[in-house]
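Come and look along with me.

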Amino acid sequence: MSDNDHGNGYLVGSNLEKALKAGYFVATGELGPPQSADRDEIEHKAQFLKGIVESVNITDNQTAVVRMSSISVAVMLMEMGIEPNIQMTARDRNRIAIQSDLLGAHALGVRNLLCLTGDHQTFGNHPQSKNVHDVDSISMLHMCRDMRDRKVFQCGDAIKGQEPRFFLGAAANPFADPFEFRPYRLGKKARAGADFIQTQIIFNVPKFQDFMRRVVDLGLHEETYILGGVAPIKSLGGARYMATKVPGMEVDPEYVERMRNATAGLPSIKEIRAMDDPEEVKNARRARKTAAESEGIKICVEVINACKEIEGVAGVHIMAIEWEDAVDEIVKQCQIGPKYDPARQDA
Amino acid sequence: MIVAEQKPLEEIRGMIADAEKVLILGCGTCVTVCFAGGEKEASILASQLRMATRLDGDEKEIAEFTVQRQCEYEYNEVAADYVKNTDVVVSLACGIGVQTMNEQFPEKLTVPGLNTNGLNQPTEQGVWEERCQACGDCVLALTGGLCPIARCAKSLLNGPCGGSQNSICEVYADSETPCVWDQIYHRLKDLGHLDKLMDIEPAKNWHTSRDGGQRKIVREDLRL
């Protein structure tokens, strides 16, 4: 965390920064822009996040699939009264484009920024594209902090006029290898300028606890705010997918089993296919969906409640992509965030 | 060394479609060592083209010759008569050889018979792995002698990223390509130099790489 407080005790004074500095257990949300120029879709998804989280991450062409630009979606969110946290990857922009976009983002009112290296384009819908990687997440943080605190561009030239000021974030994956180096890498990000960290989704609480013990031993929780990444699982298929297909993610087999058991007493998909009455099919499908979703939310709430008890964890980042309407139920059950945290109702 | 692979036969046929006389010109250096464009490969390609064009009823006169090093004028002089008597040259050298031929014999077009792949190390029989991207500002002293510019899919200088699992890089579908940052970590640990990984590497100067424009080395001490 930088010492440059801009005169009012805050680096930028965003809701996210204020809630973290106040010591609340914070909740942030996430929104994936559409693969179209459709504004309605954003407004539809965003309404579910309004007022219940501190800020909403807007992904930057996540998984290297072309989507509406993060900064433009940020403007739409601000018009709705939602605080954005723009994500910026090093995959598609060099240092010239990143700095240029950030000057614009500040001028438009954006105050939170998550610096990422970015998913490789092999995973996306333009695998034949050229990647950039002029900077990486750590050198990007360094550059953004220098713009904010030293008022210089990466090249060293002075920024004459308003400097772009962002509350700077970075990602951390406690579940990737080499495990023992991960806390040190988090420390590098903090030293490079990360005011806050959002982790990969936690589906292995004991491993995250082990990671955080190491982070706390290094004193890193006092250098940067650490938000544990969480997500509700929607179905058994979703759990299996995350367990086996997503690199860098670890899913406790117990959660897969619980998702399987959630629909155990109900008609199986095979049995539903054999049903004749459309109404019966509809009801059976709905029952399975409700049972699975309810278990998914329950697991998510448990993980968040576990995070609350882990030393050094300042909040959670809830990634309910394509399931934004689940977030209200989650933060309500956990009693966190601006709407449901009892500590904040008195404030 | 520089390694290359032969282009598909159909693509080569497309490039020589309008010619009656074709010269297949091999190179006796790097591409011979990696079995892509030496005397033997030139001879095989010439035979394939003779057969293929004959079967199509468009028989071409295919000559073959191999010089010792196609990227230097003096080695190509011996091919001058062959070049004179052909309509097009199919070079089985790397991209440097192809361009040297076009420059040296401007009256004839030399087309590439190979795709130049990179600066690779032969790691086992029939396998060449990329090791260097000639970025012009070597970082190997920082990384335990393993190059993250060439070997990390994102050319990270502060790796490893979150996609390193079980020591394997997430990017490769074959799931067998090691994460070089995992290798760097273990190498520096073995050497007792993990402290090197704690330094923040700022944005790299890519000006020395291709990003600074075409590169050229001039050694005044060697010039005549």
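These entries cover the interface and then a few salt bridges.

**Ground rules.** I am reading a predicted model, where local features need pLDDT of at least 70, side-chain atom pairs count only at pLDDT 80 or more, and totals for chains, interfaces and linings use all residues. Residues are numbered from 1 along each chain as its sequence is written, chains are lettered from A and ligands numbered from 1 in the order in which they are written, and side-chain values use heavy atoms, with hydrogens and water left out.

**Entry 1: the interface.** I looked up the contact (heavy atoms within 4.5 Å) and found 35 residues from chain A and 29 residues from chain B in it. Buried area is the accessible area (1.4 Å probe) that two parts lose on being put together, summed over both. For chain A and chain B that is about 2,600 Å², 53% of it on carbon and sulfur atoms. On the chain A side, A:D177, A:F181 and A:K188 lose the most area, together 21% of what that side buries.

**Entry 2: a bridge across.** I searched for salt bridges (a side-chain nitrogen of Lys or Arg within 4 Å of a carboxyl oxygen of Asp or Glu). The rule finds 1 across this interface. B:K189 pairs with A:E180, their closest N and O atoms 3.6 Å apart.

**Entry 3: bridges elsewhere.** The whole structure has 36 salt bridges over all chains. One of them joins B:D58 to B:K60 at 3.2 Å between the closest N and O atoms. Are these two buried or exposed? Buried means under 20% relative accessible area, exposed over 50%, partly exposed in between (1.4 Å probe, protein chains only). B:D58 counts as partly exposed because its relative accessibility is 40%, while B:K60 is buried at 6%.
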